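Please examine the sequence and the structure shown here. The numbered points of this note follow them.

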Amino acid sequence: MLALLLTGCAAELRSAPPADVANRTALTPTLAQISATSDTAEPSPMLSATSQLVDPSPPTTTPIPSSFPSLIATGSPDDLLQPYTNSREDYTVSLPPDWTVITSLGAAYFLNQAGLDQRSQGRTDWESSIGGIQFVGRHARPTEDERYGSILPNHCSIIDWQPFETNGRQGRIYTLDCDHPVTGGIYRRQHMYIPYGSRFVEVWMNVDRDVSGAPTRLLAAIVATLKLPRASS
């Protein structure tokens with residue numbers, strides 16, 4: 001049920017992804033390029049060219065409650081010292097040492113101390129999380145845009161998307177503004193989708209409101225450590 005709430009269908013998305021798929025695919029950056037670059041540095045020519053393909057107009061949003069920034073994922077991309085193994089899906093990934101992983105219905109939720117405090121007060125795992133990993137189905141759709149659109153979370157607006165490559169797999173990263181079901185505020189998340197047999201691996205993270213386009217260095221570094229078993233078609 002939690003996974004369905006998180007992913008859902010795209011029926012209530014308030015905007016559609018840009019249609020310049022061919023141009024973006026030709027400019028696909030690798031996670032190694034992204035994670036090796038400072039978040040505050042000037043973007044590389046490859047990422048800059050990709051970013052210039054869209055000029056999104058941010059939607060009108062409700063102010064975020066002051067307590068919400070505590071649920072933004074933070075950590076050093078050079079300090080991923082906590083190995084995590086998911087026995088159900090047989091994957092491994094490295095995380096910051098002060099994150100806690102809680103699994104539910106096949107999804108792995110990442111929580112910081114603020115999230116643990118909120119969970120102890122009755123919030124659900126995904127409401128308390130700063131990010132996570134789960135596997136979602138690749139629905140049969142006529143176009144690639146529709147296949148990705150069918151698995152994006154409900155109640156979110158697409159700010160941007162870009163292609164990326166990791167370990168020989170090409171996927172997409174979406175930057176979204178989402179309605180929080182409890183606080184009623186708007187928060188920003190990045191969702192990375194990696195094709196994996198008949199499914200996608202979805203890795204998401206709460207980020208600062210000024211983030212868009214390429215993944216943050218932290219998210220890119222975590223995804224670069226992700227080791228998946230051989231996928232069955």
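1. Ser104 stands opposite Ala107 in strand 4, and Ile102 stands opposite Tyr109 in that strand. The model is predicted: local features need pLDDT of at least 70, side-chain atom pairs count only at pLDDT 80 or more, and totals for chains, interfaces and linings use all residues. Residues are numbered from 1 along each chain as its sequence is written, and side-chain values use heavy atoms, without hydrogens and water.

2. Strand 3 (residues 100-104) and strand 4 (residues 107-111) run antiparallel and are joined by five bridges. Strands (E, at least two residues) and helices (H or I, at least four) are DSSP runs, numbered from the N terminus; two strands pair if DSSP finds at least two bridges between them. In this hairpin two residues lie between the strands, and Leu105 takes a positive phi near 50°.

3. Which order do the seven strands of the open sheet follow? The order is 3-4-5-9-8-7-6, with antiparallel pairing. Strand 3 and strand 6 (156-166) are the edge strands, each pairing on one side only. Neighbouring strands are turned by 25° against each other on average, direction ignored.

4. Helix 5 (residues 113-120) packs on the sheet and touches strand 3 and strand 4, where contact means heavy atoms within 4.5 Å. The direction of helix 5 makes about 110° with that of strand 4. Axes are lines fitted to C-alpha atoms, for helices over the stretch in contact, and angles run from 0 to 180 degrees between N-to-C directions.
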